[in-house]
Amino acid sequence: MAADSASLAEGLVWQAKLAEGRGPTYEAIIADLATRIAANNDDPIVAALRSDPHDPIRSALILRYLAAVQRVALRLGDSPLHRCYPTLGGVTDPAQAVATFHPFALAHRDQVLAGLRATVQTNETGRAAVLSAGVARAAELTGVSSVRLLDVGSSAGLNLSLDQYRVDNGPAGGWGPIDSPLVLAGFWDRPPPATMAFTVVERAGCDLNPLNLADPNTAAHLRSFVWPDDVVRAARLEAALAAAVPVDIDGEEAVAWTRRQLQEPQPGVLTVVMHSVALVYFSDADAAAFMTTIAEAGSRATTNAPIAHVSFEVSQEAPTMADLNVTTWPGGRPELCSRSTPHGLHAQWMADDAHR
């Protein structure tokens, strides 16, 4: 579905909801863009957005546009946006951002429109605070602590290094290396009472548009998706880039890749299929096929070659939140383990503790 005026407006409403409370700069810019789209004039940027061939919600068209503009500013090293983007060293000034953003995008229209083709690559490592608890829960339930970690929708693979990050829950303790460059503090409002130690012995991931951490352009690409008021998240990304283990991410669609990875049981390891805020970008048919692929592999699992599905996706019960669900095989018992914001904040441990 191309982004005609109606669907583009719907995509803006969706993005505006995601922007609420996450920083006044993008809230103001998105509101200004909505006004420009409603005006339905000959604005070349609006025309380009309207002619984009992808579903504006599934493809996160507005977020792609905001990031494409920020990537131009990052390449320049100094721009009018630097002065009103705190993550670029400026000071929050929504009015100035609105006055600056659209003229800046028009002045660099060719670069912006070329950048619009890039897919969303948020690679939010705050989610690792929740995902790592999910992997630990799977290790606990199966009794296997050697983990083969498979990440679907990996981007640059930063969350494949979740065992390299420190989760700090203050007086409640934490897990992960004490000396990690990345410390994920304050994510859990109610953390797990304990987490089983696990060791990642193999890492692999897939993405339709994978990023390579060895490529000097990758860091800038990831930075472009950080919202301009979120200096904490920007610092977290820099720390993750320093701590992560580089992995060659396969450029392949999820269903075929997952089916191949799960084709044969792997004795002596717990194979974990993991994904975070990825299913929203799947078609309904692909999402169903993906889930079936995991369940079929689970039916072949044994106690010596268990399989787990660690899913961190938008909650069906609370759409502004994300649920961590863990299913392990043999058995196929699903468990809602936690609920948090989509970036892993305010996480609440919800798993049944009866057998701890």
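Me: I'd like to start with the sheet. In what order do the strands of the open sheet run?

Reply: Two strands count as paired if DSSP finds at least two bridges between them. Here, an open sheet of eight strands has the order β5-β11-β10-β9-β8-β7-β1-β6, and its pairing is mixed. The edge strands are β5 (188-190) and β6, each of which pairs on one side only. From one strand to the next, the twist averages 25 degrees; such angles run from 0 to 180 degrees between N-to-C directions, with axes as lines fitted to C-alpha atoms, for helices over the stretch in contact. Strands (E, at least two residues) and helices (H or I, at least four) are DSSP runs, numbered from the N terminus.

Me: Before we go on, what kind of model is this?

Reply: This is a predicted model, in which local features need pLDDT of at least 70 and side-chain atom pairs count only at pLDDT 80 or more, while totals for chains, interfaces and linings use all residues. Residues are numbered from 1 along each chain as its sequence is written, and side-chain values use heavy atoms, with hydrogens and water left out.

Me: Thanks! Which helices pack on the sheet, and which strands do they touch?

Reply: Contact means heavy atoms within 4.5 Å. Helix α10 (residues 254-261) touches β1, β6 and β7, and its direction makes about 165 degrees with that of β1. Helix α11 touches β1, β7, β8 and β9 (322-329), with its direction at about 155 degrees to that of β8.

Me: Let's look at β7. Is this strand enclosed or open?

Reply: The general idea is that side chains in a regular strand alternate between the two faces of the sheet. A residue is called buried under 20% relative accessible area, exposed over 50%, and partly exposed in between (1.4 Å probe, protein chains only). Strand β7 (residues 270-276) has seven of its seven residues buried, so the rest of the structure largely encloses it. Both faces are covered: L270, V272, M274 and S276 are buried on one side, and T271, V273 and H275 on the other.

Me: Which strands does β7 pair with?

Reply: Strand β1 (residues 146-152) pairs with β7 in the parallel sense over five bridges, and V147 stands opposite L270 in β7. Strand β8 (residues 307-314) also runs parallel to β7, joined by six bridges. Across that pairing, V272 stands opposite A308 and M274 opposite V310.

Me: What handedness does the unit of β7, α11 and β8 have?

Reply: With the strands pointing away from you, a crossover is right-handed if the path from the first strand over the helix to the second runs clockwise. The β-α-β unit made by β7, helix α11 (residues 284-299) and β8 is right-handed.

Me: And how many salt bridges does the structure hold?

Reply: A salt bridge is a side-chain nitrogen of Lys or Arg within 4 Å of a carboxyl oxygen of Asp or Glu. The structure holds 15 of them. One joins R233 to E124, with the closest N and O atoms 2.4 Å apart. R233 lies in helix α9 (residues 231-243) and E124 in the loop between α6 (109-115) and α7 (128-142), so this pair ties together parts 109 residues apart in sequence. Both R233 and E124 are buried.

Me: Where do R137 and E335 lie?

Reply: These two form a salt bridge, the closest N and O atoms being 2.7 Å apart. R137 lies in helix α7 and E335 in strand β10 (residues 333-340), so the pair links parts that are 198 residues apart in sequence. Both R137 and E335 are buried.
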